[in-house]
Amino acid sequence: MKSFQLTYSRFSETSILVEWPQYIAPEILKDILLFKNYLLKNESESIIQITSAYCSILITYKFQISNIEAKITSLKSNYNSRQDLEIQIQKTWKIPVCYDLSFALDLEEMSIEKKLLIPEIIHLHSKTIYKVYFIGFLPGFLYLGGLDKNLFMPRKKSPRQHIEKGAVGIGGEQTGIYPNASPGGWNIIGNSPISFFNRKSDSPCFASAGDNVQFISVDVETYREILSQVENGTYKIESEVLDG
Amino acid sequence: MVEILKAGLYDSIQDLGRFGYQEFGVPISGAMDHYSAKLANAVLGNQEDAALLEFTLIAPRLKFHSDTAICITGMESQAQINEKPVDNNVYIIVRKNDILSFGSRKLGCRGYVAVYGGFLSEKVMESRSFYKSITEQQRLITGDFIKVSQVPIPIKRSNAILKTPQAHLESFGIEVFKGVDFEILNTDHQNKIFTTEFTISKDSNRMAYQLDERFENSLEPIITAPVSPGTVQLTPSGQLMVLMRDCQTTGGYPRILQLSEMAINRLSQKISGQTFRFDVLTA
């Protein structure tokens with residue numbers, strides 16, 4: 001198990017930020033999840049929640065932190081005694097995406113800009129197995145790592161006021177799906193009929209940090225079929241389990 | 001039941017927030033001014049996180065469909081029961097068919113109405129705080145009925161006299177800690193941030209308060225990282241944004257300051273056009 005040089009800083013009266021080296025990598029994600037789960041198991045009485053992102057976690061305590069040095073010392077000792085207990089089960093979720101131009105508002109522009117044919121863009125986008133780094137920004141918004149360099153595309157200069165639920169976009173070096181209609185500045189290249197957030201479930205998003213995601217290109221007809229199955233609750237998202 | 005006879009500018013049900021679901025991207029949300037919310041619940045002897053009604057700038061007109069006790073805190077605008085003036089921060093017994101209305105705003109901008117035992121709107125992920133895509137409703141509208149606790153009010157009422165310090169609704173200094181990314185500011189900005197008189201912009205809501213004054217910079221965005229209510233972000237266009245209770249869970253702009261818990265409460269009582277200064281606290 002690889003250990004990293006971490007930095008600990010006070011974030012607010014009740015929270016501490018722990019930072020890993022500032023780059024995006026699967027080994028950092030793995031260590032973050034290990035430490036986070038270890039803390040939630042061992043310090044559940046004092047910790048109210050832990051927010052994780054690419055290379056940092058924010059630990060929020062139930063009560064005001066009176067002795068920051070003591071808290072940091074305790075975190076350090078937790079980090080040193082964290083254990084790689086279970087073999088992490090990684091799921092690869094198969095996410096249907098329709099890249100039809102009726103959804104893909106920016107696909108033509110991207111084809112011109114990147115000098116790639118539309119089928120090439122679709123191929124590059126759907127062949128990759130993406131890593132779910134964390135869920136943030138909006139409820140059910142997955143931060144995915146692994147976008148092919150040839151598809152990097154700056155965010156739009158002026159964001160759209162309304163982006164459809166399920167829109168699949170590219171923003172800079174990232175790709176993702178809008179779980180709900182919202183304003184946004186990403187280049188839209190398709191739409192997924194899947195629901196990424198179910199407010200009525202205790203586990204409101206099927207995916208979690210550490211899982212994988214692959215996009216499966218579907219035509220408009222299949223998209224509509226899946227959408228109606230999603231709406232009447234009969235659709236089951238396909239997933240494969242890999243041993244980590 | 002409590003009926004919204006006429007909705008205010010922005011009415012919602014809030015408690016102290018939704019914790020433990022940030023791994024799904026769920027914001028904390030909750031009452032903008034925790035101090036006033038806790039005060040209202042304390043006067044009634046409720047749990048401190050009982051759900052209450054929050055209004056902004058223009059108060060709603062409410063009708064009670066059962067006997068209960070209420071407490072009004074936060075924004076000052078002469079409250080009236082059946083057109084008779086009542087005070088803020090006190091225990092008020094209301095009877096079936098009583099009507100609560102308010103005069104125009106005098107001080108502050110977030111008001112709270114707590115009922116005995118709390119409002120019993122839909123609970124999602126352990127909280128009743130309204131939030132788009134989490135709760136069925138994002139705001140209350142005219143004609144809505146909200147369930148309230150049916151526990152009979154106690155005969156012996158609380159006599160506690162609790163007063164909101166005047167400073168709470170009109171403080172000039174907003175207490176902050178240096179943010180985790182403070183050191184990347186240039187020295188000029190590091191000094192200027194604590195001497196500038198900032199103005200709250202028109203684009204301010206439960207998610208964030210934007211400030212009018214610009215801090216031109218050439219800072220790189222950070223790798224998307226955690227943020228929380230009270231985090232002050234600086235965008236590449238020089239905009240300062242103070243994240244408020246409905247803020248998202250992560251962000252990609254440098255986090256240059258962090259408001260104290262009390263400072264979030266106090267800032268949330270300020271309206272666009274008002275000015276303040278950041279006062280640094282030493283950790």
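What percentage of the contacts in chain A between residues at least 6 apart in sequence join residues at least 24 apart?

1. **Answer and ground rules.** The share is 64% for chain A. A contact here means two C-beta atoms, placed from the backbone, within 7 Å. The model is predicted: local features need pLDDT of at least 70, side-chain atom pairs count only at pLDDT 80 or more, and totals for chains, interfaces and linings use all residues. Residues are numbered from 1 along each chain as its sequence is written, while chains are lettered from A and ligands numbered from 1 in the order in which they are written.

2. **Chain A overall.** Chain A holds 5 helices and 14 strands. Both element types are DSSP runs numbered from the N terminus: helices are H or I with at least four residues, strands are E with at least two. Its radius of gyration is 20 Å, close to the 18 Å that the globule rule gives for 244 residues, so chain A is as compact as a globular protein of that length. The radius is taken over C-alpha atoms, and the rule is 2.2 Å times the number of residues to the power 0.38. Along the principal axes, the C-alpha atoms of chain A fill a box of roughly 60 × 40 × 35 Å. Of the 244 residues in chain A, 35% are buried. Buried means 20 or more other C-beta atoms within 10 Å of the residue's own; exposed means 12 or fewer; partly exposed lies in between; C-beta atoms are placed from the backbone.

3. **Domains of chain A.** Chain A splits into domain 1 (7–81) and domain 2 (90–243). Such bounds come from an automatic or database domain assignment. The C-alpha centres of the two domains of chain A are 30 Å apart. The contact involves 7 residues of domain 1 of chain A and 7 residues of domain 2 of chain A. On the domain 1 side, helix α1 (residues 26–42) of chain A gives the most, with 3 residues. By class, that side has 6 nonpolar, 1 polar and no charged residues. Nonpolar covers Ala, Val, Leu, Ile, Met, Phe, Trp, Tyr, Cys and Pro; charged covers Asp, Glu, Lys and Arg; the others, Gly among them, are polar.

4. **Chain B overall.** Chain B has 4 helices and 20 strands. The radius of gyration of chain B is 20 Å, close to the 19 Å of the globule rule for 283 residues, so chain B is as compact as a globular protein of that length. The C-alpha box of chain B is roughly 60 × 40 × 30 Å along the principal axes. In chain B, 50% of the 283 residues count as buried. Of the contacts in chain B with a separation of 6 or more, 76% come from residues 24 or more positions apart.

5. **Domains of chain B.** Domain 1 of chain B spans 2–166 and domain 2 spans 171–280. Their C-alpha centres lie 28 Å apart. Contact links 17 residues of domain 1 of chain B with 15 residues of domain 2 of chain B. On the domain 1 side, α1 and β10 of chain B are the elements that give two or more residues. The largest share, 3 residues, is from β10(B). This side divides into 7 nonpolar, 8 polar and 2 charged residues.

6. **Five-stranded sheet in chain B.** An open sheet of 5 strands runs in the order β2-β3-β10-β5-β8 (chain B), with antiparallel pairing. Strands β2 (12–14) and β8 (92–94) of chain B are at the edges with a single partner strand each, so one side of each has no neighbour in the sheet. The twist averages 35 degrees from one strand to the next. Helix α1 (residues 34–44) of chain B packs on the sheet, touching β2, β3, β5 (68–76) and β10 (107–115) of chain B. The direction of α1 makes about 155 degrees with that of β5(B). Axes are lines fitted to C-alpha atoms, for helices over the stretch in contact, with angles from 0 to 180 degrees between N-to-C directions. Strands β2(B) and β3 (residues 52–56) of chain B run antiparallel, joined by 3 bridges. Pairing requires at least two DSSP bridges between the strands. B:Q14 has B:L52 in β3(B) as its bridge partner.

7. **Strand β9 of chain B.** Strand β9 (residues 99–102) of chain B has B:L100 and B:F102 on its covered face, and B:I99 and B:S101 on the uncovered one. Antiparallel to β9(B), strand β4 (residues 61–64) of chain B joins by 2 bridges. B:K63 stands opposite B:I99. Strand β6 (residues 79–81) of chain B also pairs with β9(B) in the antiparallel sense, over 3 bridges. There, B:A79 stands opposite B:F102.

8. **Contact between the chains.** The contact takes 34 residues from chain A and 25 residues from chain B. The chain B side has 11 nonpolar, 12 polar and 2 charged residues.
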